[in-house]
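Please walk me through how this chain is put together.

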Amino acid sequence: MQKINIGILTLSDRASSGVYEDKATSQIEKVLNSYIKNEIIYHRELIPDDYDLIIKKLLFLSDEKECDFIVTSGGTGPALRDVTPEATEAVCDKMMPGFGELMRMQSLKYVPTAILSRQTAGIRNKTFILNLPGNPKAILECLEPVFPAIPYCIDLIGGSYIEANEEVIKVFRPKK
């Protein structure tokens with residue numbers, strides 16, 4: 001099995017300054033460790049909600065660290081400092097809006113304010129980038145419906161082959 005490079009970019013002014021503990025990063029790792037059988041090399045970044053810095057870190061994770069998959073957490077709401085979707089769009093060659101649409105539909109089952117979330121997804125070269133909300137509880141709620149399509153998307157863009165833990169989650173790949 002191939003090793004998988006995954007970037008986790010957590011955006012939070014308060015967590016990055018030490019005001020409170022970052023719980024999103026560990027929740028993302030917990031979920032992905034249960035979904036993926038491959039050995040995962042994580043590249044973690046915890047930064048404030050700053051447009052230019054988000055772009056810089058997304059470029060670093062995709063172009064220098066050659067991550068197959070980057071998950072962002074936070075900065076997807078309507079607040080003035082929430083700029084993760086804009087930074088994601090700035091670095092991507094192609095946008096994949098269906099991922100955000102499905103995550104919002106799923107989240108609406110839990111909270112009526114899910115409609116305020118602007119998470120999206122996109123592709124930069126051979127890297128798939130997915131925006132998740134910052135709330136640790138919402139991370140699983142959003143990853144679960146979209147993950148079945150992520151390994152095949154990464155296949156299509158030339159990334160590493162992700163082996164899913166089929167006892168936990170079923171992924172889709174066309175039959176050969």
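In this predicted model, Thr120 makes contact with Pro85, Thr88, Met95, Met96, Pro97, Gly100, Met103, Ile129, Leu130 and Asn131, once its neighbours within four places in sequence are left aside. Thr120 itself lies in the loop that runs between H5 and S5. Its relative accessibility is 9%, and because buried means under 20%, Thr120 counts as buried.

Three of the contacts named above, Ile129, Leu130 and Asn131, belong to strand S6, in which 6 of the 6 residues are buried, so S6 is largely enclosed by the rest of the structure. In a regular strand, side chains alternate between the two faces of the sheet. Both faces of S6 are covered.

What does S6 pair with? S3 pairs with S6 in the parallel sense, over 5 bridges, and Thr72 has Asn131 in S6 as its bridge partner. S5 is joined to S6 by 4 bridges, and these two strands run antiparallel. Within S6, the residue standing opposite Ala121 is Leu130. S5 and S6 also form a hairpin, with 2 residues between them. In the turn of that hairpin, Asn125 has a positive phi of about 55°.

These strands are part of an open sheet of 6 strands with mixed pairing, in the order S2-S1-S3-S6-S5-S4. Strand S2 (40-47) and strand S4 (94-95) are its edge strands, each pairing on one side only. S4 pairs with strand S5 (residues 121-124) in the antiparallel sense, over 2 bridges. There, Met95 has Gly122 in S5 as its bridge partner.

Helices pack on this sheet. H4 touches strand S1 (4-11), strand S3 (69-73), S4, S5 and strand S6 (127-132), and the direction of H4 makes about 170° with that of S6. Helix H5 (residues 97-107) packs on the sheet too, touching S4, S5 and S6. The direction of H5 makes about 30° with that of S6.

H4 also packs against another helix. Two packed helices are described by the angle between their axes and the distance between the axes. The crossing of H3 and H4 is right-handed. On the H3 side the contact is made by Tyr51, Ile54, Ile55, Leu58 and Leu59, while H4 supplies Thr84, Glu86, Ala87, Thr88, Ala90 and Val91. Sorted by type, the residues of this contact are 8 nonpolar, 2 polar and 1 charged. Thr88, one of the H4 residues in this contact, is also among the contacts of Thr120.

Is Gly18 buried or exposed? Gly18 is located in the loop between helix H1 (13-16) and helix H2 (24-35). Its relative accessibility is 58%, and because exposed means over 50%, Gly18 counts as exposed, whereas Thr120 at 9% counts as buried. Gly18 and Ile129 are separated by 111 residues in sequence and by 26 Å in space, from C-alpha to C-alpha.

How values were computed:
Residues numbered from 1 in each chain as written. Predicted model: local features only at pLDDT ≥ 70, side-chain atom pairs only at ≥ 80, totals over all residues. Heavy atoms only, no water. Left-handed = near helix turned anticlockwise from the far one by under 90°. Contact = heavy atoms within 4.5 Å. Nonpolar A, V, L, I, M, F, W, Y, C, P; charged D, E, K, R; others polar. Pairing = 2+ DSSP bridges. Axes fitted to C-alpha atoms, helices over the stretch in contact; angles between N-to-C directions. Buried < 20%, exposed > 50% of the residue type's maximum accessible area, 1.4 Å probe, protein only.
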